[in-house]
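Thanks for making the time this morning.

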Amino acid sequence: MKRMVIFLFCFLLMFPISAFAHPGELDELGGHFRGSDCVYLLHEPTALAKQAKTKQELVQLIQTYNGNERCKRHLTPERIDLDGHTLGKKEDRSTLRLGRTYLAELVECIDGDTAKFRVNGHVYTTRFLFIDTPESTIQVEPYGKEASRFTCSRLHQGNILLETDGDALFDKYQRLLAWVWVGKRLLQEDLAKAGLVEDFYDYGDYKYEARVRKAYEEAKRTGAGMYGKHAAGEREGAGTETRPQTGEKTAKTVHPPALENKTPLERSGRPVLYTLLGLAAAAALYWLIRRLT
């Protein structure tokens, strides 16, 4: 009986560590450790990660900028998954210009306002200009999946054009910024009209802002998508935080939303917290066993 109690004690000690080892957030390099086996996954390489020309150089950057001390102890180049990306490759962006329109081929749908396209032989992770749809990747917000399905359904129709606009081609996460046309329809406008746009962001002044805002106000007026009465009740009762539904411009970016003002330890420190809680529970259980035996 005593051995069974000790076994259960060890199981309870290990469970919180493994169950919460992956906090679901990207570090400053655009990757994270997989909780099950501590393999480092480089999902969206930032400019910092692109400085590494080899996996060994990337190991050094991870040791500096990732706060998961448990996984970093066992990190080797073989335990890095580049997720299809190539180190040391300088992307030629000289073929793209502001204020131009480019034929694009869909490579991957990511969520309601982000996708990967092939343009002029290069694959660009593209952030749709001006709109912000609910999250459906790292965090799932109400109507995030609906926005993602809407976008993917439209993009799979093909005949895609990307139109660059504003003051910058790329944001600080190295994503191309563009208006997205599917046939003769502006995808940002259709998302807003369907009630799947929750807010706006600005990197500058954009060509089609008025069209998208008009569609957004129409959705609020007619109760489309997330602005219906039933949907409003769902948002109020949901466990995820939603942003204010206003028409005012906000200077904001996403993916991930809360990394800029946190240290690496704060971003990935939850496994440490749960380990400490597990140790405290283990100590209490051990004291109880000693009292009963």
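Let me begin with a definition: a charge is taken to sit over a ring if NZ of Lys or CZ of Arg is within 6 Å of the ring centre and within 35 degrees of the ring normal. In this model, which is a predicted one, R213 lies over the face of F200, at 4.6 Å from the ring centre. F200 also belongs to a cluster, in which ring pairs link it with F130, W179, W181, Y206, Y208, Y216 and Y227.

Before I go further into the rings, some overall numbers for the chain. There are 293 residues, and buried residues make up 46% of them. The secondary structure comes to 9 helices and 11 strands. If we take the contacts with a separation of 6 or more, then 66% of them are accounted for by residues 24 or more positions apart. The accessible surface comes to about 15,700 Å², and 56% of that surface belongs to carbon and sulfur atoms.

Now to the aromatic pairs. A pair of aromatic rings is described by the distance of the centres and the angle of the planes. Searching the whole structure gives 10 aromatic pairs, and I will discuss two of them. In the pair formed by Y124 and F170, the centres are 6.1 Å apart and the planes make an angle of 40°, which puts the pair in the tilted class. Y124 lies in strand β6 and F170 in the loop between β8 and β9, so this pair ties together parts that are 46 residues apart in sequence. Both Y124 and F170 are buried.

The other pair is formed by W179 and Y206, and here the geometry is edge-to-face, with 6.2 Å centre to centre and 90° between the planes. This pair, too, links distant parts of the chain, given that W179 is in strand β9 while Y206 is in the loop between β11 (199–200) and α6, 27 residues apart. W179 is buried, with a relative accessible area of 0%, and Y206 has 9% relative accessibility, so Y206 counts as buried because the cut-off is under 20%.

W179 takes us on to the nonpolar cores. Which residues have the most contacts inside the largest nonpolar core? They are F117, L155, L162 and W179, in a core of 46 residues. The elements that each supply at least two residues of this core are β4 (101–111), β5 (114–119), β6 (122–128), α4 (144–155), β8 (160–163), β9 (176–182), α5 (187–193) and α6 (209–222). The largest share, 7 residues, comes from β9.

C71 brings me to the cysteines. A disulfide is a covalent bond between the sulfur atoms of two cysteines. The search of the whole structure finds 1 disulfide, and it joins C38 to C71, with an S to S distance of 2.0 Å. The link of C38 and C71 is left-handed, with -60° about the S-S bond. At 7% relative accessibility C38 counts as buried, and C71 is buried at 1%. Two further cysteines are buried as well, C109 with a relative accessible area of 19% and C152 with 16%.

My last topic is the backbone. Most residues other than glycine have a negative phi. C38, however, has a positive phi of about 60° although it is not a glycine. N159, in the loop between α4 and β8, likewise has a positive phi, near 55°, and is a residue other than glycine. Is N159 buried or exposed? At 58% relative accessibility, N159 counts as exposed, whereas C38, at 7%, counts as buried.

How values were computed: Residues numbered from 1 in each chain as written. Predicted model: local features only at pLDDT ≥ 70, side-chain atom pairs only at ≥ 80, totals over all residues. Heavy atoms only, no water. Core = buried A, V, L, I, M, F, W, Y, C linked by side-chain atoms within 4.5 Å. Buried < 20%, exposed > 50% of the residue type's maximum accessible area, 1.4 Å probe, protein only. Helix = DSSP H or I, 4+ residues; strand = E, 2+ residues; numbered from the N terminus. Phe/Tyr/Trp six-rings, centres within 6.5 Å; stacked < 30°, edge-to-face > 60°. Disulfide = S-S within 2.5 Å. Contact = heavy atoms within 4.5 Å. Areas by Shrake-Rupley, 256 points an atom, 1.4 Å probe, with all protein chains shown as cover.
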